[in-house]
Amino acid sequence: MKSIRSKLFVAAALLAAGGALVYADDVEASTLYRAYNPNTGEHLYTQNHNEIPAIVSHGWKNEGTAWEAPNSGATVYRMFNPNNGGDHFYTLNTNERDHLKKVGWRYEGISWHSGGSIPVYRLYNPNAKSGTHHYTVLSNERDHLKKVGWRYEGVAFYAAGNGNQTPAAGVTPRHVDVNVTGVGGKEQKISGSYRLLYSNKAFDQANLTGNATVDFSADVAVKGSSNDYETQFVIAGNGDGSGQVGVELHYQAGSDANFAQGRINTTNINFPAGAGTSGQQYYSVNTGAPRVAKGQLVHLQVKYFASGYMQTFVNGKLVGQYKTKLVPGSDAYILHDSVNGTVKIRNLKVLKNGVDVTHKGKPSFGNTSFDFSNGSVSGAY
């Protein structure tokens, strides 16, 4: 099985624009969508999904969902500045709205409603003329922007939910691991073989309840000095072509927002047992996963269910759910964390059918904390 893949990929995101507006009052959906304009640095937030492909056709980048907004509650007003390259601003404050109207901003109506228990943070970039404000439910994103010079302006409004990722519009999956892919996760020099790399591949729908067959978790931090480093947190079958699933933290320099380049991204790994060599094995970058900073300790969790599904989590947020298949050998699965940079692992835990077996492997991890570079730790359970 593969421990660290060699191909580059990854991506980061953020967007902005002006243009035709359809008011959110006319939209029943509570999902709030987010897009980014790489030319101005502005983000657009809208409940009207039809607005997204319209601006993407003019160069904006689709960033999926921002959060879930309630269908009723405090009113959030949307303003547009036709000067300085265009800029949108969102506020609950009628005095703020009216002041901006007086100084030349265009009032674009009610954008969405505020309500719920999840704070939406507001930040201001004093060095920008467009895209000066940013709104996010992600504390990691808030803290990163503060570190790079943005001014934190507190809680702007509240969200009813963090939102679920949708596939990024118009993104064609890429071929990766070309000519080295064997069946079901095996590494083999097969000419013409490849795996697919998706951006925000839609989750497979299933109501997964009860204990997972294998539940592998730990607090993990990764860092590196190169422009391409990663760590993979994986549950695998036991034997050639027996499959592997997991979650990966990966940094690759670049500016492709569809794959979260330029920051540590979260990627799902799904190589089902017996899967062929032309796309049945794939990675999927989740650009809406919690933001991860270099060296930041985050909680990773991978679950495999005997019903044939896998789930992955970052800091408790579901970032992947896909159909799959793993085949254990000698009644054991192989669990591992591999890295081509430097990794720190703390509080490692393994549950099998809900029972803690961390120290009962064949062999066991033994310890629950590790620090290593360019290598791997593994256990069989």
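Reader: Does tyrosine 304 count as buried or exposed?

Author: This is a predicted model, in which local features need pLDDT of at least 70, side-chain atom pairs count only at pLDDT 80 or more, and totals for chains, interfaces and linings use all residues. Residues are numbered from 1 along each chain as its sequence is written, and side-chain values use heavy atoms, with hydrogens and water left out. Buried means under 20% relative accessible area, exposed over 50%, and partly exposed in between, with a 1.4 Å probe and protein chains only. Tyrosine 304 has 4% relative accessibility, so this residue counts as buried.

Reader: Which class of aromatic pair do the rings of tyrosine 45 and tyrosine 90 form?

Author: The structure holds 22 aromatic pairs. Rings of Phe, Tyr and Trp (its six-membered ring) pair if their centres lie within 6.5 Å; planes under 30 degrees apart count as stacked, over 60 as edge-to-face and the rest as tilted. The centres of the tyrosine 45 and tyrosine 90 rings are 5.6 Å apart and their planes are at 90°, so the pair is edge-to-face.

Reader: How many residues apart are tyrosine 45 and tyrosine 90?

Author: Strands (E, at least two residues) and helices (H or I, at least four) are DSSP runs, numbered from the N terminus. Tyrosine 45 is in strand E2 (residues 42-46) and tyrosine 90 is in strand E5 (residues 87-91), so the pair links distant parts of the chain. The separation is 45 residues.

Reader: Which residues do ring pairs link into a cluster?

Author: Tyrosine 45 and tyrosine 90 belong to this cluster. The linked residues are Tyr45, Trp67, Tyr90, Trp112, Tyr135 and Phe157.

Reader: Where does strand E19 lie, and how many of its 7 residues are buried?

Author: Strand E19 covers residues 317-323 and is largely enclosed by the rest of the structure. The reason is the count of buried residues, which is 5 of the 7.

Reader: Which residue in E19 is the bridge partner of phenylalanine 313?

Author: Two strands pair if DSSP finds at least two bridges between them. Strand E18 (residues 309-314) and E19 pair in the antiparallel sense over 6 bridges. They form a hairpin with 2 residues between them, and asparagine 315 in the turn has a positive phi of about 50°. The partner of phenylalanine 313 is leucine 318.
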